[in-house]
Amino acid sequence: MRDAYQVAAVRAAEHALMEIVPDGTLMGRAAAGLASICAALLRREPGFVYGARVVLLAGSGDNGGDALYAGARLARRGAAVTAIAAGSRVHPGGTAALREAGGRVTGDTEAAARLIDAADLIVDGLLGIGGRGGLREPFAGLAARAEQARQAGATVVAVDLPSGIDADTGTVDGPAVRADVTVTFGTLKAGLLIDPGAGHAGTVELVDIGLRPYLKDEPAVRAPQRDDLRELLPRPGAESDKYRRGVLGLLAGSDRFTGAVLLSAGGAVHGGSGMVRVVTADVAAVLVRQAWPETVVTVHPDDADWDLPGSVGRVQAWVAGPGMGTGPDAAARLTAVLRTDLPALVDADGLTILSQHPDLLPRPAPTLITPHAGELARLLGTDPASVEARRLEHARLAASQLGVTVLLKGSTTVIASPDNGPVLVNPTGTPWLATAGSGDVLSGLSGALLAQGLTPAQAGLAGAYLHGLAGRLAASPDGTGEAPIGASDLVRALPAAFRSL
């Protein structure tokens with residue numbers, strides 16, 4: 001797992017480490033790592049940065065000091081380094097080191113614009129991890145100028161995190177630096193893994209400064225790596241049969257929305273469960289039998305009093321919602337599923353019904369919901385833009401209020417549990433997943449994993465990870481280029497995604 005911590009935990013660890021190492025040691029380690037990465041980014045002959053034009057945006061805090069000391073190292077290797085003193089003061093030791101190495105320091109705003117425009121590499125050391133809210137002048141103007149230079153071909157490197165990003169949440173409340181690379185020290189910060197902050201961070205490089213043994217708090221955010229998923233995924237054994245591998249009940253589809261149940265069923269069939277029992281409408285049932293003959297299909301009557309769980313047969317978990325409609329009969333069927341003591345995943349139309357019938361939650365059995373921002377906004381009584389801007393906050397809030405595990409879909413998939421443990425973030429997402437029906441595949445896939453015994457958080461995480469891998473493989477099967485994909489392509493790519501683990 002890639003673990004990310006909140007500012008308070010990072011500060012405590014830094015304080016504990018600084019008590020036992022000589023003064024300036026941590027800044028020296030950070031500057032050395034930063035300078036090394038900057039030198040590599042300049043793409044000069046290996047080992048040389050001679051003649052490169054480097055501009056440091058130096059604020060008043062330690063990030064400005066890190067930038068100045070790193071700039072001194074680059075200047076000693078022949079780079080033309082100029083620091084723009086943007087804060088009320090600049091780090092005195094870093095300033096002296098830069099000047100001694102042949103670099104320059106200026107506070108001239110007109111000169112700053114010309115220097116940024118001509119730079120090969122711009123180092124953002126304006127604010128540290130304690131910064132809150134969007135950038136104000138003169139920082140906002142410098143960030144905007146740096147973005148213009150980045151668009152023109154310069155490389156922007158952020159020190160620890162891009163200035164203007166909330167380190168704890170990834171929130172961007174105004175002007176902020178957009179970096180190509182963020183060099184962070186000691187440990188990842190939560191805001192580097194969650195959009196919109198993650199989108200401003202670019203590639204994140206971690207420099208070890210000796211902090212990890214002193215991080216005593218639980219991580220705030222965790223992002224899985226390939227080995228984590230390999231260990232998590234269920235595998236059949238010699239004694240396995242279709243029932244031991246997990247039976248999923250899938251309540252989805254209607255005569256109007258037939259595609260949703262086909263895609264969900266495809267995700268479930270390729271998700272590893274031993275059997276998929278599909279409960280759907282008459283017309284959709286015909287199509288499911290044709291597309292997925294391995295499923296067991298039950299046609300539900302238009303009768304609110306129908307005993308759904310008793311008529312379908314044994315299942316280990318339920319998925320309810322994709323394309324099922326939102327009328328009274330659909331609400332009655334969802335209610336019947338949620339009144340069982342089985343794990344359940346609710347998606348799509350099921351979420352709309354939940355927003356209309358909030359009394360259906362919480363429930364005693366494990367429950368996973370998989371909303372996008374608009375659906376979560378309806379559940380919380382807020383607006384989608386607010387959810388998008390504060391993804392971590394709203395996922396946690398919904399998990400706490402509704403008593404369920406929340407998988408918030410979007411640019412970064414965030415999974416929050418009602419126990420208030422670390423939030424999980426999926427690292428495999430791709431913009432190609434923004435296509436109709438993609439979420440239906442995810443619900444079937446994650447439901448299959450839920451039926452195999454994973455917890456809601458584990459099933460959501462593994463499902464999102466595999467879903468992202470399938471999207472990447474479908475868009476670029478041989479890794480040489482990318483092409484638009486549809487949700488059906490995701491279903492076909494799932495076996496390859498599993499094999500890649």
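Colleague: Is Asp173 buried, partly exposed or exposed?

Modeller: The classes are set by relative accessible area: buried is under 20%, exposed is over 50%, and partly exposed is in between (1.4 Å probe, protein chains only). Asp173 has 45% relative accessibility, so it counts as partly exposed. This is a predicted model, in which local features need pLDDT of at least 70 and side-chain atom pairs count only at pLDDT 80 or more, while totals for chains, interfaces and linings use all residues. Residues are numbered from 1 along each chain as its sequence is written, and side-chain values use heavy atoms, with hydrogens and water left out.

Colleague: Which side chain does Asp173 meet in a salt bridge?

Modeller: The criterion is a side-chain nitrogen of Lys or Arg within 4 Å of a carboxyl oxygen of Asp or Glu. For Asp173 the partner is Arg390, at 2.9 Å from N to O. Arg390 sits in the loop between helix H15 (384-389) and helix H16 (391-402), and Asp173 in the loop between strand E6 (155-159) and strand E7 (181-185), so the pair ties together parts 217 residues apart in sequence. Helices (H or I, at least four residues) and strands (E, at least two) are DSSP runs numbered from the N terminus. Arg390 is partly exposed, with a relative accessible area of 28%.

Colleague: How many salt bridges does a search of the whole structure find?

Modeller: The search finds 15. Among them is the bridge of Arg230 and Asp227, at 2.3 Å from N to O. Arg230 and Asp227 are 3 residues apart in helix H8, which means a separation of about one helical turn. Arg230 is partly exposed at 27%, and Asp227 is partly exposed at 49%. Arg132, Asp166 and Asp168 are linked in a network of salt bridges.

Colleague: What is the closest N and O distance between Lys409 and Asp347, and where do Lys409 and Asp347 lie?

Modeller: Their salt bridge has its closest N and O atoms 3.3 Å apart. Lys409 lies in the loop between strand E17 (405-408) and strand E18 (414-416), and Asp347 in the loop between E15 and helix H13 (349-356), so the pair ties together parts 62 residues apart in sequence. Lys409 is buried, with a relative accessible area of 16%, and Asp347 is buried at 1%.

Colleague: In what order do the strands of the open sheet run?

Modeller: Strands of a sheet pair through backbone hydrogen bonds, either parallel or antiparallel. In the assignment, two strands pair if DSSP finds at least two bridges between them. Here 12 strands form an open sheet with mixed pairing, in the order E8-E1-E10-E19-E18-E17-E16-E15-E14-E11-E12-E13. Strand E8 (188-189) and E13 stand at the edges with a single partner strand each, so one side of each has no neighbour in the sheet.

Colleague: Which strands pair with E14 in the parallel sense?

Modeller: Strand E11 (residues 247-251) pairs in the parallel sense with E14 (residues 317-320) over 4 bridges. Leu248 has Ala317 as its bridge partner, and Gly249 has Trp318. Strand E15 (residues 344-346) also runs parallel to E14, joined by 3 bridges. There, Ala320 stands opposite Val346.

Colleague: Which way do the side chains of E14 point?

Modeller: In a regular strand the side chains alternate between the two faces of the sheet. In E14, Ala317 and Val319 point one way, Trp318 and Ala320 point the other way, and all are buried.
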